[in-house]
Amino acid sequence: MSIIIKQAPISEKDMIAEAEKALADISRVREGVGRVIFGQESVVERTLVALLAGGHALLVGVPGLAKTKLVETLGIVLGMDARRIQFTPDLMPSDILGSEVMEQDELGKRSFRFISGPIFAQLLMADEINRASPRTQSALLQSMQEYHVTVAGARHDLPSPFHVLATQNPLEQEGTYPLPEAQLDRFLMQIDILYPELEAERRILLETTGTEDARAQNVLTPERLKEIQHLIRRMPVPESVVEAILALVRSARPGQDNADTDKHVAWGPGPRASQALTLCARARALYDGRLAPSIDDIKALAEPVLQHRMALTFAARAEGMSVRDVVARLVKGI
């Protein structure tokens, strides 16, 4: 006979107290990241929102835009065990998951021992993920979804929290293996990293070419991050925001009485996009110091959440349209 214990609902007063404490912690994280990463406020915000929401993110940008530096800094600031895997065409699944080796003790008895791979980290940077073969990509992406690996029939749980920040170069596609759409859906958000603004680049030049570089400092623990993630999942979502999420995601699918979508979209986002928008909207609200998400959060997050979960028709691509253009039109309708 099993006994189910229900957690008592948290009072509004306690929720406000917890949110204020979390906001102070998030403020210290933002300040810690800002000491090392100059400019790119939108990128930092979206990456932190993805982590606060408990998900993974795909960072897309040309080389030299501090993608690696951002992940390294987040690992230090958040106190997480961070590791990096440089993806190459010859990388095998065992190179990231780990493998079993045979050992012999003093009595001559032989046994297998599992040696864990670099995926057993709390924050994993999958650098240039599209350079690895589909076999290796699927091993990583399955772990992202199930939070454990299976080697020789034995299950090995990954650390908690476990987050993957993968990078991808949008320009150089020769010799790469583009991620299948079903695997892209595992990422909570696709975050596009653009060139820095003039003042930010000036600061980069002045502060990174001297004898001393700014160094990140730890301000949070992984356990505290998990507490904040749990708090975000308990944040209320107004009915108007729920309806806006449903309207936006459903309008991005062909066959939903939207002529523009029917003309330009080959296939649209599934229910996982709605879940991602809900979680990210809560996280963004807390990031901004609010206790509940608003429709403005949905509009701000629509592009990073939806763009890798949609595909355009051949005619739309021939016209020079992009997924961003379609999402921008859909956002105007909510």
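I counted two strands as paired if DSSP finds at least two bridges between them. Helices (H or I, at least four residues) and strands (E, at least two) are DSSP runs, numbered from the N terminus. The model is predicted: local features need pLDDT of at least 70, side-chain atom pairs need 80 or more, and totals for chains, interfaces and linings use all residues. Residues are numbered from 1 along each chain as its sequence is written, and side-chain values use heavy atoms, without hydrogens or water.

**Sheet.** I found an open sheet of 5 strands with parallel pairing, in the order β2-β5-β8-β1-β9. β2 (82-86) and β9 (189-192) are at the edges with a single partner strand each, so one side of each has no neighbour in the sheet. The twist averages 20° from one strand to the next. I then checked β5 (residues 123-127) against β8 (residues 163-168): they run parallel, joined by 4 bridges. L124 has V164 in β8 as its bridge partner.

**Helix pair.** I looked up α8 (residues 222-234) and α11 (residues 271-287). Their axes come within 9 Å and cross at roughly 110°; axes are lines fitted to C-alpha atoms, for helices over the stretch in contact, and angles run from 0 to 180 degrees between N-to-C directions. α8 is therefore roughly perpendicular to α11 (65 to 115 degrees).

Which residues meet there? I listed I228, L231, I232 and R233 in α8, against L279, R282, A283 and L286 in α11 (contact means heavy atoms within 4.5 Å). I sorted the residues of this contact into 6 nonpolar, no polar and 2 charged; Ala, Val, Leu, Ile, Met, Phe, Trp, Tyr, Cys and Pro count as nonpolar, Asp, Glu, Lys and Arg as charged, the others, Gly among them, as polar.

Methods
Angles under 35 degrees count as roughly parallel, over 145 as roughly antiparallel, 65 to 115 as roughly perpendicular and the rest as oblique.
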